[in-house]
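Please keep the 3D view open as you read.

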Amino acid sequence: MKPVICFGEALIDFLNFDQQADGPIILKEYRQYPGGAPANAAVAIAKLGGKAFFAGQVGNDAFGHFLEHALVTYQVNTQFLCKHTSAKTALAFVMLDEDGDRSFSFYRDQSADVLFSKQQIQSSWFADQALFHFCSNTLTDEQIAETTQCAVNMAKEQQCLISFDVNLRHNLWTQGKADINLVNNLAYQSDLIKFSRDELDYLAENNIAGYLDKCFEQGVSLVVVTDGEKDIEILTKNNQETLSVPQVKVVDTTAGGDSFSGAMLFALSQLEHPKAIFSSIDKLKALITFASHCGAYTVAKPGAFPALPNFSDIEQHWPANL
């Protein structure tokens, strides 16, 4: 089993779970959950039985301590988790509509996660042919973007598999929308990219075929495109397939995509030569079917860490032919 390093933000998701009247006004009620896409992915891997590490930074405050405790509780290795001496832990307030779809309000200006520096990256992260996973939320500020690029460079130097879950949150970017060139520069350096359909449309700028061709020309091995309850697209340089997704009653879509990514990474980490699977479309379909069941399991429950499946919850969907 290979280690998986999930790099980026760990933050508090304050999930709007109810509301009540207080005289003439309505008060929304929020519940504190541990979150952050890379942290969610790390917990997803660990709960399935993988060897997950979280690399990032929180504040030396009550929220940061809570996040560290939550990661440790779910068996994520936190030896690469740092605490900033003065910056605060990032917060996100998550509102749900009647269909369980989310909208976010972030409190992340100069928070501890975006102040993580290149000097804090350790070569030991990438030992044992680790898989390295990151998202675009560590590209939103100049410093954390440089740190992310440094981490990717070091991972590639040590022949690690690079996984990029695009996970665009436009309201985190100063200009109100993601920097297409910056995000694509990191996408082209990855082995595995997961897009939502909207993210692919945005980054491809109305030329999806040409964009995907460039991804594969630059060395990307696998592109996975999710689209809610619609079919998943699996694309390699020489193959294109679609898979239907399990149909469930959606309660909360928080961490659904992270559960999917974590399950893919867990499956890859079980292989002696993870990159070899990219040449077998049948094995990729089996792996991604498993991941889709993990994502479906998660969105049928509220919250992030608690909603992610243990292997026993999902083992009937584990592919026997990897």
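## A loop residue and its surroundings

Thr236 lies in the loop that links E12 and E13. Keep in mind that this is a predicted model. Is Thr236 buried or exposed? With a relative accessible area of 8%, Thr236 falls under the 20% limit, so Thr236 counts as buried. Its contacts, leaving aside residues up to four places away in sequence, are Phe216, Ser221, Leu222, Phe278 and Leu284. Of these, Phe216 is 20 residues from Thr236 in sequence, and the C-alpha atoms of the two are 7.5 Å apart in space.

## The sheet

Now step back to the sheet. Its 9 strands follow the order E5-E4-E1-E8-E9-E10-E11-E12-E13, forming an open sheet with mixed pairing. Strand E5 (77–84) and strand E13 (240–243) are at the edges with a single partner strand each, so one side of each has no neighbour in the sheet. On average, neighbouring strands are turned by 15° against each other, direction ignored. Helix H2 (residues 62–73) packs on this sheet, where it touches strand E4 (51–59) and E5, and the direction of H2 makes about 175° with that of E5.

| Strand pair | Bridges | Direction |
|---|---|---|
| E1 (residues 3–7) and E8 | 3 bridges | parallel |
| E8 and E9 (residues 161–165) | 5 bridges | parallel |
| E11 (residues 222–227) and E12 (residues 230–235) | 4 bridges | antiparallel |

Cys6 stands opposite His133 in E8, Cys135 has Asp165 in E9 as its bridge partner, and Val223 stands opposite Leu235 in E12.

## Strand E8 and the cores

How many of its residues are buried? The count is 5 of 5, so the strand is mostly covered. In a regular strand, side chains alternate between the two faces of the sheet. In E8, Leu131, His133 and Cys135 are on one side, Phe132 and Phe134 are on the other, and both faces are covered. E8 also belongs to a right-handed β-α-β unit, together with H3 and E9.

Nonpolar side chains tend to be buried together in soluble globular proteins. Here the largest nonpolar core has 54 residues, and those with the most contacts inside it are Trp125, Phe126, Phe132, Phe164, Val183 and Tyr211. Helix H3 (residues 142–157) supplies the largest share of this core, 7 residues. A second, separate core has 53 residues, among them Leu131, Leu192, Ile234 and Ala255.

What does Phe132 touch? Beyond residues up to four places away in sequence, the contacts of Phe132 are Ile5, Phe7, Trp125, Phe126, Ala151, Val152, Ala155, Leu161, Ile162 and Ser163.

## A helix pair

Finally, turn to helix H7 (residues 256–269) and helix H8 (residues 281–299), which pack at an angle of about 145° with axes 8 Å apart. The crossing of H7 past H8 is right-handed. Residues of H7 that meet H8 include Gly256, Ser259, Phe260 and Ala263, while those of H8 that meet H7 include Leu287, Ile288, Phe290 and Ala291.

Conventions: Residues are numbered from 1 along each chain as its sequence is written. This is a predicted model: local features need pLDDT of at least 70, side-chain atom pairs count only at pLDDT 80 or more; totals for chains, interfaces and linings use all residues. Side-chain values use heavy atoms; hydrogens and water are left out. A nonpolar core is a set of buried Ala, Val, Leu, Ile, Met, Phe, Trp, Tyr and Cys residues joined through side-chain atoms within 4.5 Å. Buried means under 20% relative accessible area, exposed over 50%, partly exposed in between (1.4 Å probe, protein chains only). Helices (H or I, at least four residues) and strands (E, at least two) are DSSP runs, numbered from the N terminus. Contact means heavy atoms within 4.5 Å. Two strands pair if DSSP finds at least two bridges between them. A crossover is right-handed if, with the strands pointing away from the viewer, the path from the first strand over the helix to the second runs clockwise. Axes are lines fitted to C-alpha atoms, for helices over the stretch in contact, and angles run from 0 to 180 degrees between N-to-C directions. A crossing is left-handed if the near helix is turned anticlockwise from the far one by less than a right angle, and right-handed if clockwise.
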